[in-house]
2 protein chains.
Amino acid sequence: MTQTSCQEKTFPVTEANKIRVAKRAHYDEATVHAILDEGLIAQVGFVQDGNPIVLPMVYARIGDQLYIHGAKATRLLKQLKKGLPVCLNVTLVDGLVVGRSAFHHSMNFRSVNIHGTAKLVEDEQEKYDALVAVTDHLAPGRWDETRAMTTKEANATTVISVTIETAAAKVRSGMPIDDEEDYASDHWAGIVPITTAYGQPIDDARLKQGIPVADSIKALSNRR
Amino acid sequence: MTQTSCQEKTFPVTEANKIRVAKRAHYDEATVHAILDEGLIAQVGFVQDGNPIVLPMVYARIGDQLYIHGAKATRLLKQLKKGLPVCLNVTLVDGLVVGRSAFHHSMNFRSVNIHGTAKLVEDEQEKYDALVAVTDHLAPGRWDETRAMTTKEANATTVISVTIETAAAKVRSGMPIDDEEDYASDHWAGIVPITTAYGQPIDDARLKQGIPVADSIKALSNRR
């Protein structure tokens, strides 16, 4: 990936990430980052004993690094820290595309596929920054509102980084594309939007009396 | 997987699908099928040239078979029809779990992991039934409302089946589990529900005048 001033960064197109339908493909950094930043869960794929494993993980992005984390004992993290190649997919579903024929049914979505190599984060500062980013990815500003992390907690947590080596976004939007001769038919066609929304925050049953909903959480409920 | 009358079916627990945190693990067929039937997108993982690939796909379930489909030219399907081992993950996100410490933040979710072997569906009837199931998985009853599938469309479509060999569901629900000494603190804690909802159907711009929204789509909008 190269960057020159005033030029938009794009990821290289390779055999591994090339998208067949060109009009749905986006390799520019802005599109890739926007999807990563809006998603909450990445499906992380790796190979174990020759077989594929795909697990859902929360994550965060700092620059061109993705971070995932978990308990030290987690099988996934024990594997990944060996430095395995990984593929991460983040998909945001935007709607059903309802054609006049079953053949032209589809989904509207924004999806990004990342290929990179998992690496154990050993630098203490990078590990700290990654944990802040993962928490703030769930709710921006949340880290500063929480009880400070203890050394014991930091030690119990494994953080893995993945440098984005190649990335490809695939986006479909808009109406179905039906066969020309079907447009005059009596079959209904259109789209059904699908939205993901935050509901009203619910206090923990053991919340100390009089504690208001945290600012980061209030902001979240108003965000979507 | 064995079945005797009046006994609930469960999937075998193996090294590949065992979930570390036992209280979140479910291997019974009812839980696994319920998550598969509610999800819209499966992240399908397979190995290509030793590297993991994860792609989002619509799918459907008939009994213990999962079906995915796509254009014949699709790279994924060209690979899978060779009979590769696959891992499918379907994850439904239910909420943010907001602890008093960053360490005890989490997500509420229902997730299922399937391991099996991809197989090209060659039997015409099975292929037809799978395409009906995939369409009706998006909107129950939709297949019967659409213009009949042509032979050309059937020929242009590849259908892959995956027999569910092992399956494990992981479910987290409810409030954060904080450290006992943190409960008395002034930090807010609780959950933020996340809901996925259908919006009002939008007519295709070229819809023939006077055509009402299809019944399957109306039912969908009222379903969630």
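Is Ile114(B) buried or exposed, and what is its relative accessibility?

Guide: Keep in mind that this is a predicted model. Ile114(B) comes out at 0% relative accessibility, and since the cut-off for buried is under 20%, Ile114(B) counts as buried. You'll find Ile114(B) in strand β6 of chain B.

Setting aside neighbours within four places in sequence, Ile114(B) is in contact with Val32(B), Leu36(B), Leu66(B), Val86(B), Cys87(B), Leu88(B), Ile164(B), Thr166(B) and Ala167(B). Take Thr166(B): 52 residues separate it from Ile114(B) along the chain, yet their C-alpha atoms are 5.9 Å apart.

Two of those partners, Val32(B) and Leu36(B), lead us to helix α1 of chain B, residues 29-38. Buried residues there are Glu29(B), Val32(B), His33(B), Ile35(B) and Leu36(B). They cover an arc of only 160° around the axis, which puts them on the same side of α1(B). Over in chain A, helix α1 (residues 29-38) has Glu29(A), Val32(A), His33(A), Ile35(A) and Leu36(A) buried. Looking down the axis of α1(A), the buried residues fall within an arc of 160°, so they line one face of that helix.

Next stop, the place where the chains meet. Chain B and chain A bury about 7200 Å² between them, with 61% of that on carbon and sulfur atoms. Each partner is well represented in the contact: 87 residues from chain B and 87 residues from chain A. Polar contact across this interface involves 39 residue pairs, both at pLDDT 80 or more. By class, the side of chain B that touches chain A has 46 nonpolar, 24 polar and 17 charged residues.

Charged residues bring us to salt bridges. Side chains of opposite charge can pair when their charged atoms come close. The count over all chains is 26 salt bridges, and 10 salt bridges are found across the interface of chain B and chain A. One joins Asp204(B) to Arg100(A), at 2.9 Å from N to O. Another brings Arg206(A) and Glu180(B) together at 2.5 Å, N to O. That pair crosses between chains, from the loop between β10 and α5 of chain A to the loop between β8 and β9 of chain B. Arg206(A) is partly exposed, with a relative accessible area of 43%, while Glu180(B) is exposed at 53%.

Within chain B, Arg100(B) forms a salt bridge with Asp178(B), the closest N and O atoms being 2.8 Å apart. The two are 78 residues apart, with Arg100(B) in the loop between β5 and β6 and Asp178(B) in the loop between β8 and β9. Arg100(B) counts as buried at 0% relative accessibility, and Asp178(B) is buried too, at 6% relative accessible area.

One last stop: Glu153(A) and Arg147(A) form a salt bridge, 2.9 Å between the closest N and O atoms, and both residues are buried.

Methods:
Residues numbered from 1 in each chain as written. Chains lettered and ligands numbered in written order. Predicted model: local features only at pLDDT ≥ 70, side-chain atom pairs only at ≥ 80, totals over all residues. Heavy atoms only, no water. Buried < 20%, exposed > 50% of the residue type's maximum accessible area, 1.4 Å probe, protein only. Helix = DSSP H or I, 4+ residues; strand = E, 2+ residues; numbered from the N terminus. Arc of directions from axis to C-beta. Contact = heavy atoms within 4.5 Å. Buried area = accessible area lost by both parts, 1.4 Å probe. Salt bridge = Lys/Arg side-chain N within 4 Å of Asp/Glu carboxyl O. Polar contact = N/O pair within 3.5 Å; in protein donor to acceptor, adjacent residues only side chain to side chain. Nonpolar A, V, L, I, M, F, W, Y, C, P; charged D, E, K, R; others polar.
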